[in-house]
Amino acid sequence: MIARRVIFEGRVQGVGFRYTTKDLAKGFEVCGTVKNLVDGNVELEVMGEREEVEAFLKEIAEESPLAHNIKGMHVKNIPPLEGVKGFTIER
């Protein structure tokens, strides 16, 4: 199991980014959260097997309808997420 924190930059708020990300997560064996940040970026924390996490992030950044809105993506390894079940949108 691995966990990643990803900050997405670009036109990622007000375009359904969080909802689309949550919907995409259904196709992968991952859990985590996604939320808007006050600086206009979106933060994603995701955990799962390495292949699932990497495929999920690739789907968001390269193949989803959101891909053209993303201008930057900063990925950081984080400790495993505790108490997280499923995939949720945080406010």
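This is a guided tour of a predicted model, one selection at a time.

**Stop 1: helix H1**

Select residues 17–25, which form helix H1. Colour Phe17, Arg18, Thr21, Leu24 and Ala25. These residues of H1 are buried. Now look down the helix axis. The buried residues of H1 fall within an arc of 125 degrees, so they line one face of the helix. The background is simple. An α-helix has 3.6 residues a turn, so residues three or four places apart point the same way.

What do the buried residues of H1 pack against? Show the strands and the other helix in turn. The partners are strand E1 (2–10), strand E2 (30–36), strand E3 (42–48), helix H2 (50–63), strand E4 (70–77) and strand E5 (87–90).

**Stop 2: the nonpolar cores**

Select Phe8, Phe17, Val30, Leu44, Val46, Phe56 and Ile60. They belong to the largest nonpolar core, which has 21 residues, and they touch the most other members. At least two residues of this core come from each of E1, H1, E2, E3, H2 and E5. Helix H2 gives the largest share, four residues. As a rule, nonpolar side chains in soluble globular proteins tend to be buried together.

Zoom in on Phe8. Skip its neighbours within four places in sequence. Phe8 is then in contact with Phe17, Asn41, Val42, Leu44, Ile60, Ile70, Gly72 and Met73. Another core lies apart from the largest one; it has five residues, among them Ala3, Met47, Ile78 and Leu81.

**Stop 3: Arg4**

Select Arg4, in strand E1. Is Arg4 buried or exposed? Arg4 is buried, yet has no salt bridge. The nearest side chain of opposite charge belongs to Glu54, 4.5 Å away. A salt bridge needs a side-chain nitrogen within 4 Å of a carboxyl oxygen, so a distance cut-off is at work here.

Which side chain makes a polar contact with that of Arg4? Show Asn77. Its side chain and that of Arg4 make a polar contact at 2.6 Å. Now display what surrounds Arg4. Leaving aside neighbours within four places in sequence, Arg4 is in contact with Leu44, Glu45, Val46, Arg50, Val53, Val75, Lys76, Asn77 and Ile78.

**Stop 4: Arg5 and its salt bridges**

Move along to Arg5. The whole structure holds six salt bridges. Show Arg5 with Glu43. Their side chains meet in a salt bridge, 3.6 Å from N to O. This pair links distant parts of the chain, with Arg5 in strand E1 and Glu43 in strand E3, 38 residues apart.

Now colour by accessibility. Arg5 has 27% relative accessibility, so it counts as partly exposed. Glu45, at 15%, counts as buried. Glu43 is buried as well, with a relative accessible area of 14%.

**Stop 5: around Glu43**

Stay on Glu43, in strand E3. What does Glu43 touch, not counting residues up to four places away in sequence? The list is Arg5, Val6, Ile7, Thr33, Val34, Lys35 and Leu37.

**Stop 6: Asp23 and Lys26**

Select Asp23 and Lys26. Their side chains meet in a salt bridge at 3.4 Å, N to O. Asp23 is partly exposed, with a relative accessible area of 47%. Lys26 is exposed, with a relative accessible area of 65%.

**Stop 7: His74**

Finish on His74, in strand E4. His74 counts as partly exposed, at 44% relative accessibility. The C-alpha atoms of His74 and Arg4 are separated by 9.9 Å, while the two residues are 70 residues apart along the chain.

Which residues is His74 in contact with, leaving aside its neighbours within four places in sequence? Show Arg5, Val6, Ile7 and Glu9, the contacts of His74. Keep Glu9 on screen. A polar contact of 3.2 Å joins the side chains of Glu9 and His74.

Definitions and conventions: Residues numbered from 1 in each chain as written. Predicted model: local features only at pLDDT ≥ 70, side-chain atom pairs only at ≥ 80, totals over all residues. Heavy atoms only, no water. Buried < 20%, exposed > 50% of the residue type's maximum accessible area, 1.4 Å probe, protein only. Arc of directions from axis to C-beta. Contact = heavy atoms within 4.5 Å. Lys, Arg positive; Asp, Glu negative; His and termini not counted. Polar contact = N/O pair within 3.5 Å; in protein donor to acceptor, adjacent residues only side chain to side chain. Core = buried A, V, L, I, M, F, W, Y, C linked by side-chain atoms within 4.5 Å.
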